[in-house]
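Please open the model in your viewer and keep the selection tool at hand.

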Amino acid sequence: DRTIDLAVISGDGIGPEVVAQGLKVLTAVLPPDVALETHPYDLGAKRWHATGETLTDEELERLAGHDAILLGAIGDPGVPSGVLERGLLLKLRFAFDHFVNLRPSTLFPNTESPLAGRPEIDFVVVREGTEGPYVGNGGSIRKGTPHEVANEVSVNTAFGVERVVRDAFARAQARPRKKLTLVHKNNVLVHAGHLWKDTFDRVGREYPEVTTDYLHVDAATIFMVTDPARFDVIVTDNLFGDIITDLAAAVSGGIGLAASGNINPTRQFPSMFEPVHGSAPDIAGSGKADPTATVLSVALLLRHLGHEAEAARVEAAVTADLAERDAAPVRTTDEIGDALAARVAR
Ligand code: IPM
Ligand code: MN
């Protein structure tokens, strides 16, 4: 417990640059009696170009033995769409049963939102991470003909829905506002929608202090723009969660600040923490990448591993750094990392 055994998948593009800053801050914030051991994994587009491999069984097995995984970003334009998504990122999320995809949105001081009036934004999306249309349960017949039929079936199990809904209620209960919104589309997707809504209502009876709300996903996108302050915790399925968390990032300071945790709350497998942004090959190597999303992902990692005080220190450092940022000259990736590491150091 006094050692954090961390697998590091830096990946491609700006991935290695932002991960270096995340590790810098992690090293600086840890108390002297907690050691950090890092184990780099060469995975991503570079590896695929060189070997044709995405993730071997042997690597998957080795990864399973670490306390957590820090991932930078994966991919470059030379890899066909879907290869690394299915072969690496989703493979890890499914293999390690990351059923809680945690994506907080906070509008930090001094950051810009495209929304008028700079509303209060402080909510967290609990996106289901192992089911929905992501599972690859589909196929097409008469492919390439005018009569092609393509199916991509959304899988929703009572087990999978209940465990993520329970996690979201527990998170809502632990927050000051204690409000949980279910986002779905149960007026059209009646089968899955019914399962989600019934489960939500049933589990909700065990949480009388939590205020509950239901929104169709289309309406939720409206409110995220017109009244984001109404949200506290949101629980939703894998695909709706993918879409609304990009919108959430866009309204709360941009994708450069959006952190995420792919969490297995049972700790049966390592959880994986990553910025929501991609590998941004256009700015790779230029020092322009903002490492803040990775640093905030490190805070989620610390919290997951039970280092709450350190997680809070990292978040406070980001808040303080952003508050002073408009006065500061434009800084490089490295300089932002140094500034954050200096702020968290004891
Ligand atoms: C994300 C990404 C992934 C997803 C892709 C790259 C498979 O968009 O982490 O949100 O859809 O989950
Ligand atoms: Mn996405």
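Begin by selecting Arg142, which sits in the loop between β6 (138-141) and β7 (149-152); helices (H or I, at least four residues) and strands (E, at least two) are DSSP runs, numbered from the N terminus. This is a predicted model, in which local features need pLDDT of at least 70 and side-chain atom pairs count only at pLDDT 80 or more, while totals for chains, interfaces and linings use all residues. Residues are numbered from 1 along each chain as its sequence is written, and chains are lettered from A and ligands numbered from 1 in the order in which they are written.

Arg142 is not a glycine, yet its phi is positive, at about 55°. Most residues other than glycine have a negative phi. Arg142 is exposed, having 10 other C-beta atoms within 10 Å. Here a residue is buried if 20 or more other C-beta atoms lie within 10 Å of its own, exposed if 12 or fewer, and partly exposed in between, with C-beta atoms placed from the backbone.

Next, select Arg118, in the loop between β4 (100-106) and β5 (122-128). Its phi, near 40°, is likewise positive in a residue other than glycine, and Arg118 counts as exposed with 10 C-beta neighbours inside 10 Å.

Move to strands β1 (residues 3-11) and β2, which pair in the parallel sense over six bridges; two strands pair if DSSP finds at least two bridges between them. Strand β2 (residues 35-40) has six residues, of which zero are buried, so the strand lies largely in the open.

Now select Asp218, Asp242 and Asp246, which an unreviewed UniProt entry lists under "binding site". They span 29 residues in sequence, yet no two of their C-alpha atoms are more than 14.1 Å apart, so they gather at one spot. Such annotations may be inferred rather than shown by experiment; positions follow the numbering used here, and feature names are shortened. Asp218 lies in helix α7 (residues 217-226) and is exposed, with 12 C-beta neighbours inside 10 Å. Asp246 belongs to helix α8 (residues 238-251) and is partly exposed, with 13 other C-beta atoms within 10 Å.
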